[in-house]
Amino acid sequence: HAAPEMNGIVVVGPNDVSGVTDQNTCTALPDTVQQAACMEIYFRHIAHTEPFPTARDIFADIAVRYPNSCHTFAHDLGKNAYAATLKDTLPDIGEEASSCGYGLWHGFTTALQSEHGIAASKDFCASLEGTTEELMHANRRNCYHGIGIGLIPDPPPPELWGKFQSLVDPALDICDPIPGDEYYKDRCISGVFHAMNVYMEAKQYGFIFDEDSLALCAQQRPAYQNTCFTTFTAAVPALLDFDLKRTVALLRTSVPPPLFAEIFKVAAVIFVDADASVEDIGSFIHEC
């Protein structure tokens with residue numbers, strides 16, 4: 001145990017979500033980080049066992065209390081929603097469809113394509129409507145993003161651990177021919193890189209996010225580079241302890257000059273989101 005001061009809940013077994021069945025198990029833990037990690041296990045159990053209305057109500061409660069886990073909760077709610085469609089018991093989803101970065105659609109489409117394949121998933125995304133044209137496009141974009149996430153296997157085959165390009169190339173080839181709005185295809189591609197970024201930040205399956213990771217984006221085909229850089233750059237400020245000068249230096253050496261201004265905007269948003277006060281944001285603007 002490399003860091004004995006750290007502690008947490010370990011659940012052993014393939015897809016075993018039965019370890020935490022009561023919120024009180026989580027709220028009794030001493031700090032909110034531990035509580036949130038525990039609550040993710042708890043809600044995954046709820047999503048596997050409870051009908052959609054029950055899962056949706058619990059989601060609405062815990063997503064507010066543990067906002068950093070909100071997107072994870074929404075993924076699991078989406079898988080619950082997909083299971084309900086198979087039983088023809090899915091009611092109107094409600095505002096949770098767009099909550100937490102549209103995570104519900106990501107979980108829903110990941111489950112859909114694992115069950116019915118990529119062609120059925122694309123057809124489903126193309127069929128989505130909305131009460132306005134803007135909402136229709138938002139639903140479809142996030143549906144395609146969910147397809148991209150689901151194209152990266154979880155877990156990857158052991159022979160592909162640590163082999164970034166071997167995992168992303170087949171997925172990108174599937175995203176490429178998505179018809180219609182060009183942004184739909186881009187959202188699928190961003191889902192592929194998002195899934196890889198999750199593995200890299202978590203140091204899973206032989207992947208790690210470090211100062212060399214942006215070089216992977218420079219190695220992509222030109223059509224994919226901007227989306228890769230946009231996805232990965234969001235993790236750079238935290239990696240460099242929110243040091244603006246180091247962030248600029250890394251992006252200058254890693255990002256092709258024509259893309260630099262657009263990619264730096266992504267990092268700038270992360271810096272502003274991380275600063276807690278007007279004074280801190282003023283200091284950031286001064287450094288810029």
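Of the 288 residues of the protein chain, 43% count as buried, where buried means under 20% relative accessible area, exposed over 50% and partly exposed in between (1.4 Å probe, protein chains only). This is a predicted model, in which local features need pLDDT of at least 70, side-chain atom pairs count only at pLDDT 80 or more, and totals for chains, interfaces and linings use all residues. Residues are numbered from 1 along each chain as its sequence is written, and side-chain values use heavy atoms, with hydrogens and water left out.

**Whole chain**

Show the cartoon. The protein chain has 15 helices and zero strands; these are DSSP runs numbered from the N terminus, helices being H or I with at least four residues and strands E with at least two. Contact means heavy atoms within 4.5 Å. Of the contacts in the protein chain with a separation of 6 or more, 63% are between residues 24 or more positions apart.

**The nonpolar core**

Select Phe43 and Phe232. Within the largest nonpolar core, which has 77 residues, these two touch the most other members. A nonpolar core is a set of buried Ala, Val, Leu, Ile, Met, Phe, Trp, Tyr and Cys residues joined through side-chain atoms within 4.5 Å. Helix H9 (residues 182–202) gives the largest share of this core, nine residues. In soluble globular proteins, nonpolar side chains tend to be buried together.

Stay on Phe43 and display its neighbours. Residues up to four places away in sequence aside, Phe43 touches Ala55, Ile58, Phe59, Ile62, Phe73, Asp76 and Leu77.

**Helix H8**

Next, select residues 164–175. Helix H8 has twelve residues and reaches 17 Å from its first C-alpha to its last, close to the 16 Å expected at 1.5 Å a residue; the expected span is 1.5 Å times one less than the number of residues.

Which residues of H8 are buried? They are Phe164, Leu167, Val168, Ala171, Leu172 and Cys175. These residues cover an arc of only 115° around the axis, so they are on the same side of H8. The arc is that of the directions from the helix axis to the C-beta atoms.

**Aromatic pairs**

Colour the aromatic rings. A search of the whole structure finds twelve aromatic pairs. Rings of Phe, Tyr and Trp (its six-membered ring) pair if their centres lie within 6.5 Å; planes under 30 degrees apart count as stacked, over 60 as edge-to-face and the rest as tilted.

Zoom to Phe193 and Phe232. Their ring centres are 6.2 Å apart and their planes are at 80°, so the pair is edge-to-face. The pair links distant parts of the chain, with Phe193 in helix H9 and Phe232 in helix H11, 39 residues apart. Phe193 is buried at 0% relative accessibility, and Phe232 is buried at 0%.

Move to Phe242 and Phe271, an edge-to-face pair at 5.6 Å centre to centre with 90° between the planes. Phe242 is in the loop between helix H12 (236–239) and helix H13 (244–254), and Phe271 is in helix H14 (residues 257–274), 29 residues apart.

Select Phe164, Phe193, Phe209 and Phe232 together: ring pairs link them into a cluster.

Thr231 lies in helix H11 and is buried at 15% relative accessibility. Beyond four places in sequence, Thr231 touches Ser190, Phe193, His194 and Asn197.

Ala218 is in helix H10 and is partly exposed at 38%. Beyond four places in sequence, Ala218 is in contact with Gln225, Phe229 and Ser254.

**Positive phi in two loops**

Finish with the backbone. Most residues other than glycine have a negative phi, and most peptide bonds are trans. Tyr205, in the loop between H9 and H10, has a positive phi of about 55° although it is not a glycine. Tyr205 is buried at 18% relative accessibility. Asp241, in the loop between H12 and H13, has a positive phi of about 55°, and Asp241 is exposed at 62%.
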